[in-house]
Amino acid sequence: MTEFDIIIIGAGPAGSAAAAWAARQGLRVALVDKARFPRSKLCGGLFTERSRSYFREIFGQDPDLSQAVTRHNCALWYEGEELAKLEDIPPLHLTMRLDIDAQMFGHALAAGAQDFTGRPVANLTDSSVTFRDGDTLTCRVLIGADGVSSIVAKHLFGAAFDTKTIGFGLEIEAPLALQDPQTQPLRIDFAAAQWGYGWSFPKQGSTTVGIGGLRAENPDMKAQMAAYLTTLGLPTDAVKVKGHHLPFGDFRPHPGRASVLLAGDAAGLVDPITGEGIAFAMKSGQLAAQAACDALLAQAPQTALARYQKALKDMHRNLRIACALRHVIFGPRWQKTLMASFRRSGTMRMMYMQLLAGQVEYPELARRLLLRLPKYLLTALRPSR
Ligand SMILES: Cc1cc2nc3c(=O)[nH]c(=O)nc-3n(C[C@H](O)[C@H](O)[C@H](O)COP(=O)(O)OP(=O)(O)OC[C@H]3O[C@@H](n4cnc5c(N)ncnc54)[C@H](O)[C@@H]3O)c2cc1C
């Protein structure tokens, strides 16, 4: 078969979610990826309860977290000093993307999507995809779920992202020989990167250690990563450091054009404070697929973007508030004050953990922060004993 209702480029969380959702509604879906699955993706692999509930809703069952580590505690650090050791926090699932993405991809195929993975794309139009081997598929709606360097976004807008506003992350996977993850805390370091943070996430057979932040604010991220590894007592040259772009709050207000939609990283849907992207990729994939299904049912594929944009309204509003709040959280004028409040206020620390765990949305967080702002400022200005 070469004619499809929907072609989805990219079979990560956004693409697999879109494919499963549309195929289950009886549409003819082609799922294209240059990689074969299981494939790895540079990522902390923090899978929140928000991700878990979207997974359940979209794929119809709970993710298998038997290969993951679930923690209910976390250590928060700032400039080499431990701010707090938190216990009884909402669950944080530390997954390997090789595993969790393969589960989503498997569900998409089981729902009826046709597998075109391991097939690099040579050319595309709004309604066709041609592979390097010359085969061509056609469709009525095209969904670009092909990540931060999206060729679909390039096709539509000339460039996948803006280098001035994009984020970047560096990571290593520290093996057991270097560090036993079972003895390591889940750790967040606020000052490890500017307009971002550092993380150490213990997994079953390794620890994912990384830093991420706005690329423009971190001109020498390699040196910052080396400093962070040293802080954690890890050698700087034992494991290859890998890097990947991250659309850190740089979402596209118009994620597509007529019958061509962008989802997940391709649409810039990453939380600009926590860096969480898996949940928003799945959700936007589902919303894009639903918009495509509705537009096709109405015999009006060109209306897909308008429908999708309407469905994305809440997510966009959330990200807009987060972009405003991040000036308070990461901006140099505010960060010290905020960290002082963090040191002293259990409520403040728990609010951050709820945010990291995907258990609070930004409108609610902004409301709670505004209510407490005068008290935090007074607390922060009080000399420490
Ligand atoms: C360092 C780092 C750490 C992160 N940590 C976390 C975290 O802990 N938790 C979290 O929730 N988020 C995290 N994120 C964000 C998260 O990784 C992304 O938001 C998420 O992967 C987006 O999913 P996606 O499906 O949109 O894209 P991807 O997962 O990037 O999938 C895109 C797919 O498209 C395919 N593709 C790309 N180009 C082409 C092409 N030309 N032709 C065909 N196929 C193509 C790729 O092979 C890939 O399979 C992190 C990101 C980085 C960089």
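How many nonpolar, polar and charged residues are in the lining of the second largest cavity? The lining of this cavity divides into 4 nonpolar, 1 polar and 3 charged residues. The legends below refer to a predicted model.

**View 1. The second largest cavity lies between domain 1 and domain 3.** This cavity holds about 40 Å³ of space. Its lining is made up of Arg50, Asp271, Phe280, Asn318, Leu319, Val360, Glu361 and Tyr362. Because domain 1 (6-71 + 90-162 + 250-318) and domain 3 (331-381) both give residues to the lining, the cavity lies between these two domains.

**View 2. The largest cavity is lined by nonpolar residues, with no polar and no charged ones.** A search of the whole structure finds 2 cavities of 30 Å³ or more, and the largest contains about 120 Å³ of space. The residues around the largest cavity are Phe190, Ile329, Leu338, Phe342, Met348, Met351, Tyr352, Leu355, Leu365 and Leu369. By class, this lining has 10 nonpolar residues. At least two lining residues come from each of helix 9 (332-344), helix 10 (346-356) and helix 11 (362-381). Helix 10 gives the most, with 4 residues.

**View 3. The second largest pocket lies between domain 1 and domain 2.** The volume of this pocket is about 260 Å³. It is lined by 16 residues, of which Ser40, Leu42, Glu171, Glu173 and Lys242 are the closest to its centre. Helix 3 (97-111) and strand 13 (167-175) are the elements that give two or more residues to the lining of the second largest pocket. Strand 13 gives the most, with 3 residues. By class, the lining of the second largest pocket has 6 nonpolar, 3 polar and 7 charged residues. Domain 1 (6-71 + 90-162 + 250-318) and domain 2 (167-246) both give residues to this lining, so the pocket lies between them.

**View 4. The chain is divided into three parts: domain 1, domain 2 and domain 3.** Domain 1 comprises residues 6-71 + 90-162 + 250-318, domain 2 comprises residues 167-246, and domain 3 comprises residues 331-381. A distance of 27 Å separates the C-alpha centres of domain 1 and domain 2. The contact between domain 1 and domain 2 takes 21 residues from domain 1 and 21 residues from domain 2.

**View 5. His245 is a buried residue of strand 17.** Strand 17 spans residues 242-246. His245 counts as buried because its relative accessibility is 18%, and the cut-off for a buried residue is under 20%. The side chains of His245 and Arg215 are joined by a polar contact of 2.8 Å. Leaving aside neighbours within four places in sequence, the residues in contact with His245 are Val148, Phe161, Ile166, Gly167, Phe168 and Arg215.

**View 6. Helix 1 is mostly covered.**

**View 7. A cis peptide bond leads from Phe37 to Pro38.** The omega angle of this bond is near 0°. Pro38 is located in the loop between strand 2 and strand 3 (46-47).

**View 8. Trp195 has a positive phi although it is not a glycine.** Its phi is about 50°. Trp195 is found in the loop between strand 14 (187-189) and strand 15 (196-202). Is this residue buried or exposed? With a relative accessible area of 13%, Trp195 is buried.

**View 9. Gln299 has a positive phi although it is not a glycine.** For Gln299, phi is about 55°. Gln299 is placed in the loop between helix 6 and helix 7 (304-311). The relative accessible area of Gln299 is 61%, so this residue is exposed, the cut-off for that class being over 50%.

Technical notes. Residues are numbered from 1 along each chain as its sequence is written. This is a predicted model: local features need pLDDT of at least 70, side-chain atom pairs count only at pLDDT 80 or more; totals for chains, interfaces and linings use all residues. Side-chain values use heavy atoms; hydrogens and water are left out. Buried means under 20% relative accessible area, exposed over 50%, partly exposed in between (1.4 Å probe, protein chains only). A polar contact is a pair of N or O atoms within 3.5 Å; within protein, one must be able to donate a hydrogen and the other to accept it, and residues adjacent in sequence count only if both atoms are side-chain atoms. Contact means heavy atoms within 4.5 Å. On a 1 Å grid over the protein atoms alone, a cavity is a set of points where a 1.4 Å probe fits but cannot get out, and a pocket is an open set with protein on both sides within 12 Å along at least five of seven lines; lining residues have an atom within 4 Å of a point. Grid points are joined across faces, edges and corners, and a volume is the space filled by probe spheres set on the points. Ala, Val, Leu, Ile, Met, Phe, Trp, Tyr, Cys and Pro count as nonpolar, Asp, Glu, Lys and Arg as charged, and the others, Gly among them, as polar. Domain bounds come from an automatic or database domain assignment.
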